[in-house]
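Dear colleague,

Please find below the structure that I would like to hand over to you.

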Amino acid sequence: MRKGYWGEIKDPVHGYVYITDMEKEIIDSFPVQRLRRLRQLAGAEYVYPGANHTRFEHSVGVMYLAGKVLENPNIMQRISEDEAEMVRIAALLHDVGHGPFSHVFEYLLDKELGGKTHEDMTRWIIANSELKDMLNRVGYDPEEIGRLATNALEKPHKAFLGQVISSAVDVDKLDFVVRDTYHTGAEYGFVDVFRLIHAFDVLNGDLAVDLGALSALESFIIARIESFKSIYFHRVGRAAQIMLAMAMEKANEELSLTSFKTPEEYLAMDDYTVWTMLKNCEKSCEIIHNLERRKMLKCAYERTFYQKDVVISCLLYTSPSPRD
């Protein structure tokens, strides 16, 4: 049992998630508890009624999977116990920078604040909110945790630490693929998450997947492609997201959604508070009125296009030679 064991959280996807006293304190902080009021898939609930899960449970799931990666002998032998706990905490905090309606708000950040992303906001919040004092108190550098959470930590020979959380195949994607398909019911093939985790290795300081798990990796990639087509880019879900983005853009001047100066002002905004603000704002109330009655924008033209990726092409179409 890990040092400072506190108890467990029952997760519908992964089962029991065991946490330490320190992790519980961070989980109970306002920036993390706020994630309960940010839906993971804003707009998807208009297509899949069960898609009301939140960034909170996803973050707990990412922390859990990060812990499982760190138990892999290929990884464990390369890190200290302190580094392992750092990765778990960073995984837990990787989404604290999301705004209302998750990625929909990112459109406003990008447009009004010169290309800011939720990763930028994550680093800012970890380094400047109440999380700063919590992390300092237990001996961690908040800025280092923030960079680790967004894979921006430059640590010689240990790039894999950040890649566990954010890379081509990471615990963030592994969790949301299985969690989003679970809550929507739109399951496209089985993703063997733990087969991939057990096949993780380190190659020249970078996270790698052993060739023996190629089939599991292919299944994961295909599941992601199908999820994008059927969940993330479903035309009705996208219509809802576009309507929310339009409502926030119209109301921004009056509501000052991007005029926050402190982490506390930013964190005060969540799906509930901003929805109410948009509903009561003359410039955006008509859009919210339509969303409340499911009067969606209609799709006039739809086109599917693909971008070739060399890595994925090699994975899916190139067979190893007999000598391999």
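**The two strand pairs**

In strand E2, the bridge partner of Ile9 is Val17. This pairing belongs to a model that is predicted, and the strands concerned are E1 (residues 5-11) and E2 (residues 15-20), which run antiparallel and are joined by 6 bridges. A hairpin of 3 residues leads from E1 to E2.

**The chain as a whole**

The protein chain contains 18 helices and 4 strands. Its radius of gyration is 20 Å, close to the 20 Å that the globule rule gives for 324 residues, so the chain is as compact as a globular protein of that length. Along the principal axes, the C-alpha atoms of the protein chain fill a box of roughly 65 × 50 × 35 Å.

**Helix H5 and its contacts with H3 and H9**

Helix H5 (residues 81-92) has contacts with H9 and with H3, and I shall take these in turn.

How do the axes of H5 and helix H9 (residues 142-149) cross, and within what distance do they come? The two axes come within 8 Å and cross at roughly 70°. That angle makes H5 roughly perpendicular to H9, and the crossing is right-handed. From H5, the contact is made by Met86, Val87, Ile89 and Ala90, while H9 supplies Glu144, Ile145, Leu148 and Ala149. By class, the residues of this contact of H5 with H9 are 7 nonpolar, no polar and 1 charged.

The other partner is helix H3 (residues 55-70), whose axis comes within 7 Å of that of H5 and crosses at roughly 155°. Angles over 145 degrees count as roughly antiparallel, and H3 and H5 are therefore roughly antiparallel to each other. H3 passes H5 in a right-handed crossing. On the H3 side, the contact involves Ser59, Val60, Val62, Met63, Ala66, Gly67 and Leu70; on the H5 side, it involves Ala84, Val87, Arg88, Ala91 and Leu92. These residues of the contact of H3 with H5 divide into 9 nonpolar, 2 polar and 1 charged. Please note Val87 of H5, which is listed in the contact with H9 and also in the contact with H3.

**Helices H16 and H17**

Finally, helix H16 (residues 271-279) packs with helix H17 (residues 285-292) at an angle of about 115°, and their axes are 7 Å apart. Trp275, Leu278 and Lys279 of H16 meet Cys285, Ile288, Leu291 and Glu292 of H17. The contact of H16 with H17 has 5 nonpolar, no polar and 2 charged residues.

With kind regards

Key:
Residues numbered from 1 in each chain as written. Predicted model: local features only at pLDDT ≥ 70, side-chain atom pairs only at ≥ 80, totals over all residues. Heavy atoms only, no water. Axes fitted to C-alpha atoms, helices over the stretch in contact; angles between N-to-C directions. Parallel < 35°, antiparallel > 145°, perpendicular 65-115°, else oblique. Left-handed = near helix turned anticlockwise from the far one by under 90°. Contact = heavy atoms within 4.5 Å. Nonpolar A, V, L, I, M, F, W, Y, C, P; charged D, E, K, R; others polar. Rg over C-alpha atoms; globule rule 2.2 N^0.38 Å. Pairing = 2+ DSSP bridges.
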